[in-house]
Amino acid sequence: MLDVEEIRKDFPILNRRVKGRRLVYLDNAATSQKPVQVINAVKEYYEKYNANVHRGFHTLSQEASELYEKAHEVVAKFINAYSWEEVIFTSGATESLNIIAYSYGLKHLREGDEIVLTVMEHHSNMLPWRRVAEIKGARVKYVDITDDGKLRYEEFEKAITERTRVVAVTHMSNVLGTINDIRRIAKLAHSVDAVIVVDGAQSVPHIPVDVRSLDIDFLAFSGHKMLAPTGIGVLWGRRDLLEELTPLKTGGGAIKDVTLDSVVLADLPWRFEAGTPNIAGAVGLMEAVKYLTRIGMENIHRHEVELVEYTLKRMDELDRVEVYGTRDLMWRGGVVAFNIKGLNHHSVAKILDTMGIAVRSGMHCAHPLHYRLGLKGTVRASYYLYNGLDDVDSLIEGLETIIEISETLSSIGVSDVCTAG
Ligand SMILES: Cc1ncc(COP(=O)(O)O)c(C=O)c1O
């Protein structure tokens, strides 16, 4: 496992006490904490280099532009893109997915065409496609999951037809932690000349992602879930596909020339980055990628799988805890969704907070997935490189306490304050 004691020294927020207890941060699927290296890189950027990019010949503007361009290169290398020009900075995965859906969908979809999604998608990889389908008269199809939360691959084979133009799928579920076999789905999509769009919001921060070996066409992810600041994200696309698209937004910085009746777009990636970009965010993302690369993505994934394995073992010992998702750890990342039978998920999360334990509760922007599983919500613990077995122990102790209190209350006939609902 990773040396979490050493890693935690880089994350100042982990020294915080919450409700008088050591902060146990288990809400990494929502957003990650930031190491001093990233915080300092952003600070240094504002203290030494701040200027607008690609808009000036003065020294600061040149230096800021170099840093900003370097950030594209570092991210490109991280995902093994064919070139840095294929890396477009956005505000996050949601914006990236919207850009792909609208730019690609509006151009290529015709009435009767089909878009294949899965029931486990985050709303951000579902709603933009539904909107575009509505506009263009296309049809959305959903691939189902097994009861333990794996995709039904045989359904992909039926769902993908000659009418399929787009297959959009998450690489890793933000609720169940299921890792999907993207290579297999890409092969099916390409067999009918459809494009495959991958939502990498949960995979890129936690497992090695190589766009070439996955053989995908588009990838979206957010910086804030991978140690970088909020407000910076990535849209990666194959150059030939990006080049033929019309950027959704346009304006300053995205063009080579404009007359009153003509426009010549800038080269990639700038034609997709109209307006002053989030330069400090890009600098922070570059530093975050360097940090993750130094630790090693394989090591991070292995570490999180060990945490999940230990969590599942401990949770199985608790009679009233129901855990969701696959037990096949080959295909599972560091996310555990669960419920305490008879108790409301929000109440469980609120009580855990009184113990300094941060988890998320609700439907995690994946309502259709919860409805498919027949659930009103779940509590979700999600891990990262600074979480250790001690964090899992704290969570389990917290759950034991909650169960004990709820049982004491019902044994003396006091109606439970946190019943299911
Ligand atoms: C699988 C998945 N896709 C997309 C998103 C959207 O990311 P963002 O809110 O950073 O745009 C999230 C965020 O939780 C996610 O988990």
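This is a predicted model: local features need pLDDT of at least 70, side-chain atom pairs count only at pLDDT 80 or more; totals for chains, interfaces and linings use all residues.
Me: What radius of gyration does the protein chain have, and why does it agree with a compact globule?
Reply: Along its principal axes, the C-alpha trace of the protein chain spans about 80 × 55 × 35 Å. A compact globule with 421 residues would have a radius of gyration near 22 Å, and the protein chain agrees with this because its own value is 23 Å.

Me: Is helix α4 roughly parallel or roughly antiparallel to helix α5?
Reply: The axes of α4, residues 93-108, and α5, residues 127-136, come within 9 Å and cross at roughly 20 degrees. Angles under 35 degrees count as roughly parallel, and therefore α4 is, relative to α5, roughly parallel.

Me: Which residues of α5 make the contact with α4?
Reply: In a right-handed crossing, α4 passes α5. From α4 the contact takes L97, N98, A101, Y102, G105 and L106, and by class the contact has 7 nonpolar, 2 polar and 1 charged residues. On the side of α5, the contact is made by P128, W129, V132 and K136.

Me: Which residues come nearest to the ligand?
Reply: There are 14 residues around the ligand, and by class this shell has 9 polar, 4 nonpolar and 1 charged residues. Of these 14, the ones that come nearest are G92, T94, N174, A201 and S222.

Notes: Residues are numbered from 1 along each chain as its sequence is written. Axes are lines fitted to C-alpha atoms, for helices over the stretch in contact, and angles run from 0 to 180 degrees between N-to-C directions. Helices (H or I, at least four residues) and strands (E, at least two) are DSSP runs, numbered from the N terminus. Angles under 35 degrees count as roughly parallel, over 145 as roughly antiparallel, 65 to 115 as roughly perpendicular and the rest as oblique. A crossing is left-handed if the near helix is turned anticlockwise from the far one by less than a right angle, and right-handed if clockwise. Two residues are in contact if their C-beta atoms, placed from the backbone, lie within 7 Å. Ala, Val, Leu, Ile, Met, Phe, Trp, Tyr, Cys and Pro count as nonpolar, Asp, Glu, Lys and Arg as charged, and the others, Gly among them, as polar. A residue is near a molecule or strand if its C-beta atom, placed from the backbone, lies within 6 Å of it. The radius of gyration is taken over C-alpha atoms; the globule rule is 2.2 Å times the number of residues to the power 0.38.
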